[in-house]
Amino acid sequence: FIAGMLTGKSLPHHAFTDFLWAVVCWAMLVILRLATLLLLMPLLNRAGRERVSARDVLVMTWGGLRGMVGLALAILVLEDRAGGALSEEDGHRCFFLVSMVA
């Protein structure tokens with residue numbers, strides 16, 4: 001709920017390039033997740049009783065880390081800005097990108 005309010009509040013303040021970066025980040029995360037799972041598929045098949053199918057890999061790729069944990073960490077970055085090491089604009093951009101990916 002809080003993350004949604006903060007995201008809605010910050011949307012009008014971002015340039016079009018920030019939205020493009022959000023799409024690029026999302027696509028790269030999905031591709032990296034898929035590549036990692038495909039590389040680990042033989043290990044996953046040896047570790048468990050049931051075999052991991054290509055369909056399972058696609059579901060795990062789509063699932064990924066989304067939602068509350070990532071948004072909570074992004075809110076911390078937005079509020080604390082690494083003890084002041086990040087500018088306010090960079091804190092907002094970090095939160096924006098995480099909220100768009102989540």
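1. Let's start with a pairing: the side chains of Asp90 and Arg93 meet in a salt bridge, 3.4 Å from N to O (a side-chain nitrogen of Lys or Arg within 4 Å of a carboxyl oxygen of Asp or Glu). Please keep in mind that this is a predicted model, where local features need pLDDT of at least 70, side-chain atom pairs count only at pLDDT 80 or more, and totals for chains, interfaces and linings use all residues. Residues are numbered from 1 along each chain as its sequence is written, and side-chain values use heavy atoms, leaving out hydrogens and water.

2. Glu89 forms a salt bridge with Arg93, with the closest N and O atoms 2.9 Å apart, and Asp18 forms one with Arg93 at 3.2 Å. Asp18 lies in helix H2 and Arg93 in helix H5 (residues 88–101), so this pair ties together parts 75 residues apart in sequence (helices are DSSP runs of H or I, at least four residues, numbered from the N terminus).

3. How buried or exposed are these residues? Asp18 counts as buried at 7% relative accessibility, while Glu89 counts as exposed at 52%; Arg93 is partly exposed at 27% (buried is under 20% relative accessible area, exposed over 50%, partly exposed in between, with a 1.4 Å probe and protein chains only).

4. Now to helix H3 (residues 54–63). Thr61 is found in H3 and counts as buried at 5% relative accessibility. Thr61 touches Val30, Arg33, Leu34 and Leu37, not counting residues up to four places away in sequence (contact means heavy atoms within 4.5 Å).

Notes. Axes are lines fitted to C-alpha atoms, for helices over the stretch in contact, and angles run from 0 to 180 degrees between N-to-C directions. Helices (H or I, at least four residues) and strands (E, at least two) are DSSP runs, numbered from the N terminus.
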